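Visitor: Could you take me through one part of this model closely, starting from what the database record marks and going on to the packing around it?

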Amino acid sequence: MTYMTKASLAALAVLAAGPAGAQGIDETVNQVFANSTGWFVSLIFSNFPGTTFPWIVGWLVVAASVFTVYFGLIQIRAFGHALALVRGDYSDPNDAGEVSHFQALTTALSGTVGLGNIAGVAVAIGIGGPGATFWMILAGLLGMASKFTECTLGVKYRNEYADGTVSGGPMYYMTKGFAERGLPGGKFLAVLFAVFCILGSFGGGNMFQANQAHAQIANVTGAFPGWITGLVMAIVVFLVIVGGLKSIASVTEKIVPFMAAVYVGTAVIIIGMNFDMIGTAFSQILTGAFTNDGVVGGAIGALIQGFRRAAFSNEAGIGSAAIAHSAVRTKEPITEGFVSLLEPFIDTVVICTMTALVIIITGQLIQDPTTGLFLLNEAGDGIQTVTGNSGVTLTSDAFSSAFGWFRYILVLAVVLFAFSTMISWSYYGLKAWTFLFGEGQTKELIFKIIFCLFVIIGASANLGPVIDFSDAMIFAMAIPNIIALYLLMPIVKAEMNRYLSRLKTGEIRKFE
């Protein structure tokens, strides 16, 4: 809790000192965190020797591949049944839990669908070319198996309380699942995961979101103090999260479909307007995945960027989604595993691919007219673009090339994405908090207040190293989580075989 205490004191100092002292406090906090946590950030995001491929991405992709093989391509076999579960065809309202399958899915999606889909995809394509899209889709499909594994365990080993609330996630399947199998180390892994989750929720799941939301608003409306954006967002976030998961789910089940429909709908219209370019775009995606078309690092560069962006976007294997999915109303843990595998599909295969297609089809990447190869920028670390922009601004340029007003829609999308991500991560952090410090309204309220203070800090300060550290914490969650998944996956397989057998014989029927 040392880092949280330092950051909290910095927040109070910034608020007390006002604009005059904010810059000095900002620089001080930056320096303290850079000096004390830089080694951890470097460790988590370091590359395999001799490559530019982060080992943490390899850790996630290898696990996803193992689960895909172990469960016999469950992401394909159970896809149709997962859709039926989301529709509520098999839902009994009398089952224990707090939210429906659909609400659990949208709550988890709201934590992953966000800036990674808007800015991250543009970064991947801007460096790895269209071919990065292919590897991004593949990583998303593989990640479906990881989500299936962790979310099944999240429901199976959750705690159910007398008032109808539940607590679940990696912390609980590490302790209870390990004890059931007679395995040592479950408590240690659970505490490690919970600490990573709490600190990650304050940074990547909170401050970064508020910071980027303010930046997009200011980009359109003109510069104004970030604390104003932070204060407004903190109040709204607090009003939602103080009501608990049912309140969060009630909001996310409306926001997520709406923002996805607006964003994907606009993308579909633009793609439709350039129908004659669709074949060319897919050709570039497929050939760029396996050949050197002039991008940084060639085909290997495309693979690295695609896998990296997919892992950072859908968070499959991180363990965060298992916390949200564990609150579902069901007596069959495996059903939520089926539902959860839809998450990487929607997040990465659908939304990320739409972003990529719009960027490619609208011709934002500059090619040599003679050779057809993409031209690199002066620094040699990315592809030249029509406007010279990258990241979220490249996405904005692509959409705005068809609709000049889209930059205003993008602001709305970024704000909604940021808001929904924050309320979901507040729940993840809260459940890790109560695992460490115990259940109770007072303890929960303390966490929610601290969380909302960090919303203000994130919007008003540029605490780069603090956010880097918190992002590293989020991906550090994958280390204990995937170790646990490897050791507990036989339990998931047994659950899966029993359920599918009963479904085949007709014992499990649609609920009327």
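Guide: The unreviewed UniProt entry lists as "transmembrane region" the residues 53-73, 186-204, 224-243, 255-275, 345-366, 405-425, 445-467 and 473-492; positions are given in the numbering used here, the feature name is shortened, and such annotations may be inferred rather than shown by experiment. This is a predicted model, in which local features need pLDDT of at least 70 and side-chain atom pairs count only at pLDDT 80 or more, while totals for chains, interfaces and linings use all residues. Residues are numbered from 1 along each chain as its sequence is written, and side-chain values use heavy atoms, with hydrogens and water left out.

Of the listed spans, residues 53-73 have end C-alpha atoms 26 Å apart and are 76% helix and 0% strand, whereas in residues 405-425 the end C-alpha atoms lie 31 Å apart and the span is 95% helix and 0% strand; helices here are DSSP runs of H or I with at least four residues, strands runs of E with at least two, numbered from the N terminus.

Not counting residues up to four places away in sequence, F148 touches F71, I74, I334, G337, F338, S340, L341, V492 and M496, contact meaning heavy atoms within 4.5 Å.

The axes of α16 (residues 333-340) and α17 (residues 342-361), lines fitted to C-alpha atoms over the stretch in contact with angles running from 0 to 180 degrees between N-to-C directions, come within 4 Å and cross at roughly 10°. The two helices are therefore roughly parallel to each other, a term for angles under 35 degrees.

A234, in helix α11 (residues 226-241), counts as buried at 5% relative accessibility, the limit being under 20% relative accessible area with a 1.4 Å probe and protein chains only. Leaving aside neighbours within four places in sequence, A234 is in contact with C452, V455 and I456.

Methods
Angles under 35 degrees count as roughly parallel, over 145 as roughly antiparallel, 65 to 115 as roughly perpendicular and the rest as oblique. Buried means under 20% relative accessible area, exposed over 50%, partly exposed in between (1.4 Å probe, protein chains only).
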